[in-house]
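Me: I've just opened this one and I'm new to it. Can you walk me through a few spots?

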Amino acid sequence: EKAPRVHTDTLETVKGDRSLLDTREPPSDMHEVDFADVVGKEPVALLFATPQLCASRVCGPVADIALQMKAKYGDRMTFIHQEVYVDNDVSKGLREPLKKFNLPTEPWLFVVDKTGKITARLEGSIGVNQFEEAVKTGL
């Protein structure tokens, strides 16, 4: 199925406040591109995760793996990380992109090919091999 065309946060959309962009320490560099600008144009790995607020405690390691995959495949695929909660505050509820994807939990990885079709969808604890196989489906 086609991925919903949703806007993801960038430094511009959070008005320069890096603390709202990423709870990972140190913050990742997977916030340079808005998903809505590239979906259907190039392959994308979209990770919904909140490293510091993750209920399952696996978001941090999965975000680290995403960075490894970006280092390996970043010249062929765009990697985007989207935080989960509004203003990184659990009490404020889920951010709009998660609502558009109908996601009640985290982390989630969606790999989308250049036509905008979802080629892989993984939830929860994702290992390096599993993540890499998902990435390959979108190339």
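Predicted model: local features only at pLDDT ≥ 70, side-chain atom pairs only at ≥ 80, totals over all residues.

**A buried aspartate**

Reply: Let's start with aspartate 22, which is buried (under 20% relative accessible area with a 1.4 Å probe, protein chains only). Aspartate 22 has no salt bridge, meaning a side-chain nitrogen of Lys or Arg within 4 Å of a carboxyl oxygen of Asp or Glu. The nearest side chain of opposite charge, arginine 24, is 6.1 Å away; Lys and Arg count as positive, Asp and Glu as negative, and His and the chain ends are not counted.

Me: OK, which side chain does aspartate 22 join in a polar contact?

Reply: That of histidine 31, at 2.9 Å. A polar contact is a pair of N or O atoms within 3.5 Å; within protein, one must be able to donate a hydrogen and the other to accept it, and residues adjacent in sequence count only if both atoms are side-chain atoms. The aspartate 22 side chain also reaches the backbone nitrogen of arginine 24, at 2.8 Å.

Me: Switching topic: how exposed is glycine 40?

Reply: Glycine 40 counts as partly exposed because its relative accessibility is 37%, and the partly exposed class lies between buried and exposed (over 50%).

Me: And how far is glycine 40 from aspartate 113?

Reply: They're 73 residues apart in sequence and 7.2 Å apart in space, C-alpha to C-alpha.

Conventions: Residues numbered from 1 in each chain as written. Heavy atoms only, no water.
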